[in-house]
Amino acid sequence: MLLLSTLCIPFIAAIILLFVKHNEKANYVAIACSGVTMALAFNIAFNGATSFDANWILSINARFLLSADGLAKILVLLTGISFPAIFIATSKNEIKNRNQFLSLMLFTQTGLLGVFLAGDALLFYFFWELALIPVYFLCSIWGGEKRVAITFKFFIYTFLGSLLMLIGIILVYTNTPDHSFLIGSFKSALLTKGQQLTAFALFFTAFAIKMPIFPLHTWQPDAYEQSPTPVTMVLSAVMVKMGLYGVMRWLLPLFPAASLSHAHFVVTLSIIGVLYASFIAIRQDDVKRLIAYSSIAHIGLMSAALFTFKSIGVQGVMIQLFSHGINVLGLWIIADIIEQQTGTRSMKALGGLAKKQPTLAILLVGFAFANIALPLTNAFVGEFLMFNAIFQFSPWMAAFAGVSVVLAAIYTLNMVQKIAYGEVSDAINKMQLPNKNAQSILIVLLVIVFVTGVYPQLLFNISSDTLQQLFVK
Amino acid sequence: MNAIIVSTLLGVIMMFVSWGTTSSKLQRSIGLMGMLVLIVANLAQLNNWWSIEFNTKGMLEFNQMGLYVNTILFVITFIYLWINGEEIEKIGNHTADFYAIFFFILCGVSLLTSFNNLLMLFIGIEILSIPLYILTGSDKKNLFSNEASIKYFLMGSFSTGILLLGIAFIYGATGTFTLTTPVVNPITNIPNEHFLMSAGLLLLFVSMNFKVSAAPFHFWTPDVYDGAPTVFTPFMATVVKAAGFIAFIKIFEVQRVALGQGTWMIILPLVIVATLLVGNVTAVFQRSVKRMLAYSSIAQAGFMLFALYGNSTFNNEGILLYIVAYSLATIGVFAVLIKMKDYSIESFNGLAKSNPTLAFLTTLFLFSLAGIPLTAGFFAKYYMLNALFTAGAGIWLLITAVVFAAISVYYYFKLVQAMYFAEGTPAIHPIGKQYELKLWVIAIILLVLGVFPPLLFNYILI
């Protein structure tokens, strides 16, 4: 029941919000409801929850099964924390028809939670798509200048990917011994070698588009840049995790042989993506685009670590799923504060933030360190484990991937330098009083960064059971 | 038998109603009442409460599936008439005549769902088609309507001719009009049929493709759908097409064995791919929404053809769900379109601002057509893909299908983009609350079936 209510609360709140026309009230409703969801998410993560199982479509044996193992718990926790944080941090932003905006955001949350909790392939697909639809409207209505075309590209890309996955689901479903969509029966499906390869390709395309892996990433920087910042936060903090989650939950356990035989291919692609994105990030002047490319690099590293098939790597990814979400959320919130108050995202026009708003500058430095994965920050733990796995897989790959750490330091510190130091620029001079809401959220996030950085066992405890399942097969 | 007799009687009654009353409002109410009577009469037979029986010498056969399809199509027709009643009155001077025509068409529909004999098929198709030619040309003073009617009539008669030739060939080969299970040689596994049988079935195949507007026999569709009065187009694109599909499936469910499984597995995928290609790709380039929907209906026919591929239960469930999802969504979109002052995509610009409810409903209908989850269209597509796969189709055919489904999103979403993201004032006639309410009914059916599709077919599985 706990799982079901976690799913229902944002959904019901989203419907209620459609009728709350008043901006302030809409804010309160959204924050309160997402706060409740967060509390439930904490409960799920630390106390566990019994799975919820009900008949859905009897004739094809599809079930409405929600269950939470370690991996799901980590991501539910991340989703639970992100949304109230985003709502509070951006509560002062000017947004037309705020209630509709918040309502669509909560629909997205429902979809995301559904994806992470679904234990039935058809249900998974159902939520996978549902998470996409509200984002399409969010970006196209409230986004930047070129929003319509770019969001449409993003939509068609992911939609085609998910349809291919649907074929994959049908392919596996037809070969399950008991004709069911449950993940357990999917694992025991009797696939020939050819079928396994086909299904692997179909699933992989969907997840690769979502993560995204080079060369299917082209939708992402544009979409991040053009989306309204609260949506960008959702996209990069939580939504891209859907792809990685899909790989861990469905791709690797279902098609181990095909995954293993393609490991080199995927790891190579991922590492190319990491380097490619890092180099481009160095050249960026737009803060949003910089963070977008940096995010592609980080995700690429995670996907490389997953395909090394080393348990240490998977463990690292699970920590990093959470850590990357928190870090990138912090960076986006800072970018958003700066954009809201100065009206520009160009780093050339910024400078001297440390003199004008020292607190914000300190927070920026904190999150920048987390982005580079310095020790004591949460990202260090994850990246260390992942590099370890990649090194065991192939030292050469590790060498190339290692370059990305240096590159990350270059572009991140460069960003900090341009924004925080130097003469106080005109744009920064325009900044008013600090945004108390956003700053308090940033402080909370930074506390999470350091707590999980110093004591990662918290996250290991949550995620340990998935690891065993993944490797004991 | 109930549906056939009652619909004929109702048709005749409607022909003479205008003697009793000249109020078109009253005529409409009588027509709607008649529809309810027809639905109840059909349900009576479906549930074995009461039915008119006489010996048809096996020419007609009323099974659960056929009667259930009747019910579905009658209910769709009822919803269609209920929504479009006022618009129908605006065309021509004799409202009651249109209702008479609808009842005759429904008589044809009930024949097509119950025939067991090729002559009955022929009669059913004729009863269905001739009133349609009239409906197409009913806007007498409009040149396009006339052109469409003539075109439809010429092409339609031609295809009926082919149908008849096919039936004659089959009669020549087997000596009977009855649909029988072909006798298969146990050693060679090839049916013991005369080559005339194969030739006849191929002709039947061509003719049925024409009726359901599958490529390359689709050329009449855009012109007819576009030229016919907008209020009648959704009826032709939904109920009539659906009945065509049911007949198509009924013929080839068993008879394709006589054609040889190999031949079947070659020609059907060719037709499917051609239909998907022509429908989807041409729809992308349309400026007029009405014409775009005409091409989209060709594309949707491509998906419905999947049901012919195999003969598992998925087929039947899938085609039922597809018919309902596609028909209701199409009727819904047309109900909005008819309120537009012109049919260009631009006329939808800014609809979300001026009329958010209507824009939301239209979006929902388009989502269902595109097959996006939470709407019935998704499960319809899912069942079809599943049926195709279970029937042993190659993965490439499924991939082709979903690529085209992604293309269809492109043109359906053009309308969504116009409504939500484009600036402008929509050129729309005022819409009453009551009209919106009717559209909500469709929307809710689509949503409910989008979450619990079995609600639709649990009834016949019991």
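## Two domains in chain A

In this predicted model, chain A is split into domain 1, made of 1-166 + 216-237, and domain 2, covering 273-473. The C-alpha centres of domain 1 and domain 2 of chain A are 22 Å apart.

The two domains touch. Domain 1 of chain A puts 27 residues into the contact, and domain 2 of chain A puts in 31 residues. On the domain 1 side, three elements of chain A give two or more residues: α3 (70-89), α9 (219-226) and α10 (229-239). The most comes from α3(A), with 11 residues. What classes of residue make up this side of domain 1 of chain A? It has 13 nonpolar, 10 polar and four charged residues.

## A hairpin in chain A

Strand β1 of chain A spans residues 52-57, and strand β2 of chain A spans residues 62-66. The two strands run antiparallel. Five bridges join them. One bridge pairs A54(A) with F64(A) in β2(A).

Four residues lie between the strands of this hairpin. Which residue of the hairpin takes a positive phi? N61(A) does, with a value near 65°.

## Where chain A meets chain B

The two chains are in contact. Chain A contributes 23 residues and chain B contributes 25 residues. On the chain A side, α5 (121-142) and α6 (147-174) each supply at least two residues. Helix α6(A) gives the most, with 12 residues.

Now the classes. The side of chain A that touches chain B has 18 nonpolar residues, four polar residues and one charged residue.

## A helix pair in chain B

Helix α5 of chain B covers residues 118-136, and helix α9 of chain B covers residues 233-259. They pack at an angle of about 170°, and their axes are 12 Å apart. Why is α5(B) called roughly antiparallel to α9(B)? The angle of about 170° makes it so, because angles over 145 degrees count as roughly antiparallel.

Both helices give named residues to the contact. From α5(B) come L121(B), G124(B), L128(B) and L132(B). From α9(B) come M236(B), V240(B), A243(B) and A247(B). By class, the contact of α5(B) with α9(B) has seven nonpolar residues, one polar residue and no charged residues.

Conventions: Residues are numbered from 1 along each chain as its sequence is written. Chains are lettered from A and ligands numbered from 1 in the order in which they are written. This is a predicted model: local features need pLDDT of at least 70, side-chain atom pairs count only at pLDDT 80 or more; totals for chains, interfaces and linings use all residues. Axes are lines fitted to C-alpha atoms, for helices over the stretch in contact, and angles run from 0 to 180 degrees between N-to-C directions. Angles under 35 degrees count as roughly parallel, over 145 as roughly antiparallel, 65 to 115 as roughly perpendicular and the rest as oblique. Two residues are in contact if their C-beta atoms, placed from the backbone, lie within 7 Å. Ala, Val, Leu, Ile, Met, Phe, Trp, Tyr, Cys and Pro count as nonpolar, Asp, Glu, Lys and Arg as charged, and the others, Gly among them, as polar. Domain bounds come from an automatic or database domain assignment. Two strands pair if DSSP finds at least two bridges between them.
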